[in-house]
Amino acid sequence: MTSTPGSGGPTAVPTPRPSERPDASDLPDRSDAPGPPTRSPLRRRFSRAERLVHRTTAGLALLCVATAACLYVPQLAELVGRRALVVTLHQWSGLLLPAPFLAGLLSPSFRADLRRLNRFAPYDREWLRAARRRDSRPGARPAGKFNAGQKLYGGWIAGAVLVMLATGLLMWFTWLTPLVWRTSATFVHDWLSLAVGLVLAGHIGMAYADPEARRGMRTGSVERPWAEREHPHWEEEKEEKKKVDEAEE
């Protein structure tokens, strides 16, 4: 047998004995090692204008709630101080709250989503029945681009903002109306603000529990498998809209 040069020489790193080999549990975890990302196909959910409207509205709403808490909770009022500044911030954030919505009406995609939110389909009633039974099985809650819960939330919060704005103006401009009107407005404004705070907390909690939904609002796109699982009638809505557009032309 002809040996190749160096085949009989010692190797640079000797093979360790079995007793010297590291245990598998001591090896570094390579499961999340960097590598080529595996990405699911994406689907566009929200335009830039829609995301801007949502962010601006959310900022103003949170400022409204935070300043309201500082006005009504004695401990917070004492901690923050500067009551006049807090009152001014609360008044102007509430007054400007409808502004992002009105600006969003210039966007065709925003108007299209408003029409979706304003229309209840047969599968929305099925979604509500499943929600009432707390049935969260896959396929038990069919939905279009927006589910029935999101449609109810959108309508309720829009109405609540209008009532809060009207009662807030009555409380702000006290010389415009008699005392009984202002007293009633204060009662409605205070209790409705509490309800709005609770509903907003629920909205934030549900968004926090669904990272893909948050990604859709943050980047504008969601993974297609998520869209097909959570909103199986979304594509059907697009086809219906295309037929309506073609019929109108």
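Let's start with cavities: sets of points on a 1 Å grid over the protein atoms alone where a 1.4 Å probe fits but cannot get out. Counting those of 30 Å³ or more gives 1 cavity. About 40 Å³ of space lies in the largest cavity, a volume being the space filled by probe spheres set on the grid points, which are joined across faces, edges and corners. This is a predicted model, in which local features need pLDDT of at least 70 and side-chain atom pairs count only at pLDDT 80 or more, while totals for chains, interfaces and linings use all residues. Residues are numbered from 1 along each chain as its sequence is written, and side-chain values use heavy atoms, with hydrogens and water left out.

Which residues line the largest cavity? They are Ala68, Tyr72, His90, His189, Asp190 and Ser193, where lining means having an atom within 4 Å of a point. H1 and helix H8 (179-208) each give two or more residues to this lining, and H8 has the largest share, with 3 residues. Helices here are DSSP runs of H or I, at least four residues, numbered from the N terminus. By class, the lining holds 2 nonpolar, 3 polar and 1 charged; Ala and Tyr count as nonpolar and Asp as charged.

Now follow H1 itself. Helix H1 covers residues 48-72, and its 25 residues should span 36 Å at 1.5 Å a residue, which agrees with end C-alpha atoms 36 Å apart; the expected span is 1.5 Å times one less than the number of residues. Cysteine 64 counts as buried because its relative accessibility is 14%.

Notes
Buried < 20%, exposed > 50% of the residue type's maximum accessible area, 1.4 Å probe, protein only. 1 Å grid on protein atoms, 1.4 Å probe; cavity = no way out; pocket = protein on both sides within 12 Å on 5 of 7 lines; lining within 4 Å.
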